There are 2 protein chains.
Amino acid sequence: MISRVFIDEGNVIIVELPTYLAALNAFTISYPQIVGIPVDENGMRTDILEKELKRLQAEGKKVKFIYTIPVAHNPAGVTLSLDRKKHLLELASRYDVAVIEDDPYSYFIYESGVDVTPLKTLDTEGRVTYLGTLSKILSPGLRLGWVLGNHHVIDALERAKQTADLHTSTLTQFIALESIRRGVVDKTIEKAKQIYKMKRDVMLDALSDSMPENTWWPRPVGGLFVMIFLPSLDIDTKKLLPEAIARGVAYVPGASFFANGGGWNSMRLNFSFPPPDKIAEGIKIIGDLAKERIKSPSEPITPEKFYNF
Amino acid sequence: MISRVFIDEGNVIIVELPTYLAALNAFTISYPQIVGIPVDENGMRTDILEKELKRLQAEGKKVKFIYTIPVAHNPAGVTLSLDRKKHLLELASRYDVAVIEDDPYSYFIYESGVDVTPLKTLDTEGRVTYLGTLSKILSPGLRLGWVLGNHHVIDALERAKQTADLHTSTLTQFIALESIRRGVVDKTIEKAKQIYKMKRDVMLDALSDSMPENTWWPRPVGGLFVMIFLPSLDIDTKKLLPEAIARGVAYVPGASFFANGGGWNSMRLNFSFPPPDKIAEGIKIIGDLAKERIKSPSEPITPEKFYNF
C-alpha cells in the first residue's frame with residue numbers, strides 16, 4: 001500500500017542498508033530509484049543520510065520517503081539512538097521528506113534503558129507514517145497490522161486498500177479486537193519476550209564460542225534476529241547455503257537485504273523460532289563451515305570498512 | 001492482482017458495459033485505456049467486440065485482456081449465451097488476447113436449461129484466467145477466492161501476491177478448507193439459492209407492478225441483482241438517490257458501472273439481502289419516485305437505443 005500510494009516510477013526513496021526484504025520487494029514493483037543508507041550499532045547513519053539528501057537536492061531530485069525500522073532492526077538487529085531519531089526528523093523537515101516508520105519489534109526489547117520512543121511520537125509535523133503489526137504479538141497468520149499517519153496519507157491508503165481487496169477480513173479483525181480486549185496480546189508479549197531473550201542470549205554465546213575470529217555482529221537489544229558479517233569480503237553466503245542446509249541448518253543470505261548490491265559476506269540468523277539446544281548446534285555448524293571456507297581471516301570488517309565510508 | 005500483473009500504463013483492456021465496479025476501480029489504478037462492449041439479455045455483444053478488436057488492431061493497439069462476468073452478470077443480471085461464449089473465445093484466439101473470466105454467481109442459477117459452462121472449460125489454449133470466490137458461497141468477510149490459469153499467469157500472480165501481503169491469512173484458508181470438506185459450502189449454496197430465487201421473483205413482480213411504463217430490465221436467471229433502466233435519458237439516478245434514501249430505500253446508481261460514462265438512467269437493485277416484504281415496499285417507493293420525476297415517459301429504451309449501436 002505504501003509503495004502504491006507514495007511511489008511513482010523513477011521517484012527516489014531512501015532505505016537502510018540492509019533493510020527488510022519484503023519491504024524492498026514491495027517498493028521495487030513501483031520502480032523507484034532506491035538510495036541506501038548504511039546502519040551501524042546505533043541504527044541508520046544519519047550523518048550519511050544528511051550527505052545523501054544534500055546530494056539529491058543538488059541533483060534536483062525529490063525524495064518521496066525515508067523508510068526506517070528504528071527499533072531492533074530486521075535484519076541488522078540494531079536500534080536507532082534518540083539523538084539520531086531527532087537528527088533524522090530534523091533532516092526530514094529540512095528536506096521536506098516523508099518518513100515511513102516500520103515498527104514490528106519494539107514490544108520485544110530485552111534490556112533496560114533502551115529508548116523505544118517512536119519517531120511518530122517525536123513528529124510534530126505529521127511527517128511520519130507509523131506501521132504496526134499483530135504478526136509478532138498475536139499471530140503472523142492473521143495478516144493484520146495498523147497504520148498511524150496524517151489524514152492525507154490515511155485517506156490515500158484507504159482508497160488503495162479498497163481497490164486492492166475491498167477490505168481486510170472482518171473475522172480476523174474481530175479475533176484481533178477480542179484478543180487485545182481480553183489480554184491475550186499482552187500475555188503473548190510477556191511470555192514471548194522472556195523466551196526470546198533467553199534464546200537471544202543462547203545465540204550470542206554460541207556465536208562467541210563458534211564463529212571465526214573477527215566475525216562481526218551488532219548485539220541486538222531486541223527483536224528476532226542477529227546479523228553476522230563473516231571476516232572475508234570474498235565469501236558469498238548465498239553459495240555457502242546449500243552446504244549449510246546439507247548439514248542441517250538454514251539462514252537467510254544477507255545480500256537479499258541490500259538494495260543495490262553488497263552484504264555478500266553476511267547472513268541473517270533467527271533466534272525466536274528454534275529451541276535453545278538447536279540454536280547452539282546450528283551456530284556450531286555454521287561456525288565450522290565458515291572456518292573451513294575462510295582460510296586466512298582478514299582484519300575485522302566493521303560497517304565503516306565494509307561500506308567504504 | 002490481475003490489474004497489477006496484466007496492465008502497464010496505457011495498455012488497452014476490454015470490459016463489459018456495464019461491469020463490476022470494484023474490478024473497474026482495480027483496473028483504473030494501473031492507468032489502462034478502457035474499451036467498453038455493451039451487454040444485452042444474452043451477455044456481451046460479441047459482434048461489437050469483433051468490430052472493436054478489428055478497429056484496435058487497425059490502430060496498432062494491443063489488447064491485454066477481455067474482462068467478462070459471463071454468468072448472472074453484476075450489475076446487469078444477464079448471462080452470456082453458449083454461442084457468444086464460443087464467439088468470444090474464437091475472437092480472443094484470432095486477435096491473441098487473454099480473457100479474464102470472473103464467475104462469482106454461477107452457483108446461483110434459478111432456472112433450468114441455463115448453460116453455465118465456464119469459458120475456462122471451453123478454453124483449449126490456456127487463454128482464460130478464471131476467478132472464483134467464496135464470498136457468495138461461504139462468507140464475504142473471509143476475503144477468499146481462487147484462480148485457475150496457465151502457469152505463466154499463476155506464477156506472476158503468486159509473485160504479485162507475495163509482494164502485496166506475503167500470503168492470505170492461513171486461518172481463513174483453513175476455515176474455508178474445512179467448510180468445503182464438511183459440506184457447509186454445499187449446504188449454504190442450496191439454502192441460499194432457494195431464498196434468492198424467491199426474492200428475485202418478488203422483485204421482478206414488484207418491478208412489473210410499480211415501475212413507470214417502458215422501464216427496461218433484463219430478467220436475471222441467477223445472481224443477486226436486477227439492473228433497471230428508467231424510460232428517460234434525462235434522468236440521473238445519482239441525483240435521485242438522496243430522495244430515495246430519505247424515503248427509506250437505497251440502490252447503486254448505474255453510472256458507476258460504466259467505464260467511460262453513460263448509464264445515468266440506470267440503477268442496480270439487490271434482491272439477496274432485504275426481506276421479501278421490504279423488497280416489494282422498496283420497489284414501490286422507487287417506482288413512485290421515478291413516476292413523479294418522469295413527466296412524459298419516452299419510447300422503451302432498449303440497450304440498442306441506449307448505446308446507439
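The legends below describe close-up views of a predicted model.

**View 1. The two domains of chain A.**
The domain assignment divides chain A into domain 1, residues 2-180, and domain 2, residues 193-294. Between the C-alpha centres of domain 1 of chain A and domain 2 of chain A there is a distance of 25 Å.

**View 2. The contact between domain 1 and domain 2 of chain A.**
Here 23 residues of domain 1 of chain A are in contact with 21 residues of domain 2 of chain A. On the domain 1 side, at least two residues each come from strand E1 (12-17), helix H2 (21-28) and strand E2 (33-40) of chain A. Sorted by class, this side of domain 1, which touches domain 2 of chain A, consists of 16 nonpolar, 5 polar and 2 charged residues.

**View 3. The open sheet of chain A.**
An open sheet in chain A is formed by 7 strands, and their order is E3-E2-E1-E4-E5-E6-E7. The pairing within this sheet is mixed. Strand E3 (43-44) and strand E7 (145-148) of chain A are the edge strands, because each of them pairs on one side only. In general, the strands of a sheet pair through backbone hydrogen bonds, in either a parallel or an antiparallel manner.

**View 4. The pairing of strands E2 and E3 of chain A.**
Strands E2(A) and E3(A) are paired in the antiparallel sense, over 2 bridges. In one of the pairs, A:Val39 has A:Met44, in E3(A), as its bridge partner.

**View 5. The contact between chain B and chain A.**
In this view, 15 residues of chain B are in contact with 15 residues of chain A. Two or more residues of the chain B side are given by each of helix H2 (21-28), helix H6 (151-165) and helix H7 (170-181) of chain B. By class, the side of chain B that touches chain A comprises 7 nonpolar, 6 polar and 2 charged residues.

**View 6. The axis relating chain B to chain A.**
Two copies of a chain are, in general, related by a rotation about an axis together with a shift along it. In this model, chain B is superposed on chain A by a rotation of 180° with 0.0 Å of shift along the axis, and the RMSD is 0.0 Å. This is therefore the relation of a two-fold axis. Within chain B, the C-alpha nearest the axis belongs to B:Thr172, which lies 3.9 Å from it. Both copies use the same surface, as 100% of the contact residues of chain B recur in chain A.

Key:
Residues numbered from 1 in each chain as written. Chains lettered and ligands numbered in written order. Predicted model: local features only at pLDDT ≥ 70, side-chain atom pairs only at ≥ 80, totals over all residues. Domains from an automatic or database assignment. Contact = placed C-beta atoms within 7 Å. Helix = DSSP H or I, 4+ residues; strand = E, 2+ residues; numbered from the N terminus. Nonpolar A, V, L, I, M, F, W, Y, C, P; charged D, E, K, R; others polar. Least-squares fit on C-alpha atoms with pLDDT ≥ 70 in both.
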